[in-house]
Amino acid sequence: MANEELAKQLNESLKDSTPEEILAYFLPKYNDRIALASSLGLEDQVLTAMIAKIKKDARVFTIDTGRLFPECYQLIDRTNDKYDIKIEVYSPEHTGVEKYVRENGVNAFYQSIEKRKACCHCRKIEPLLRALSTLDVWICGLRASQAVTRTNISVVEWDANNGLIKVNPLAKWSEEDVWKYIKENRVPYNKLHDQGFPSIGCQPCTRAIDPGEDIRAGRWWWEDPEHKECGLHKR
Ligand code: SF4
């Protein structure tokens, strides 16, 4: 049974373990009640590669918001082919998206934070919650140094909003650690990363950044940094 006390104990015992050791602990223990929620970003590609080596039939899922870059769809195929796996693709429930678009327009996310969050809710959060409802443990590619909103994450934490254990095996990794693993292990990654896109979300809400800019600066670039979460990682 997953609970807050268990998450604390596991964090204490695993906080200095390697990502592979953390995954090797959780994957066989929770079987189909654990999954990586992959955004197809660099960190999640690293975790997918590690997971495929440790337990090939472990669950990896991603969310097709309907507004992704073509390169994201290509990456799903390339990753499945490379590791001989099948990434589960969750789509948003269509009535929610149709209602949002009917009431606000197809690109309403530029108009206000509220409308942007409402779009993220029907296109991302709804399918995410549906996927999470099948789990006891949620694996994420979050890193503490990724954003001002992520500095206090732990390797294992209790997600009170969703009532499950959240595991961040790469919490202590730097961006350099991620790239080193990608290169050494020839992990497939989104080609947009080589074109100035360090963090990739939906196409209309992601732009390339200039050298020296914060790595999340290209996501929802019209908003202040403290608002730049879509609600997937409410803390
Ligand atoms: S990132 Fe943009 S397009 Fe994607 S769900 Fe959020 S607001 Fe909508």
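How many bridges join β4 to strand β6, and do these strands run parallel or antiparallel? Three bridges join β4 to β6 (residues 164-167), and the two strands run parallel. The model is predicted, so local features need pLDDT of at least 70, side-chain atom pairs count only at pLDDT 80 or more, and totals for chains, interfaces and linings use all residues. Residues are numbered from 1 along each chain as its sequence is written.

Strands (E, at least two residues) and helices (H or I, at least four) are DSSP runs, numbered from the N terminus; strands pair if DSSP finds at least two bridges between them. Trp138 has Lys166 in β6 as its bridge partner. Asp159 lies opposite Leu164 of β6. A hairpin is formed by β5 and β6, with four residues between them; Gly163 in the turn has a positive phi of about 65 degrees.

Helix α3 (residues 42-54) has 13 residues and reaches 19 Å from its first C-alpha to its last, close to the expected 18 Å (1.5 Å times one less than the number of residues). Its buried residues (20 or more other C-beta atoms within 10 Å of their own, C-beta atoms being placed from the backbone) include Leu42, Val46, Leu47, Met50 and Ile51. The buried residues of α3 pack (C-beta atoms within 7 Å) against α2 (19-30), β1 (34-38), β2 (59-63), α4 (70-83), β4 (137-139) and α7 (175-184).

How values were computed. Buried ≥ 20, exposed ≤ 12 C-beta atoms within 10 Å, placed from the backbone. Contact = placed C-beta atoms within 7 Å.
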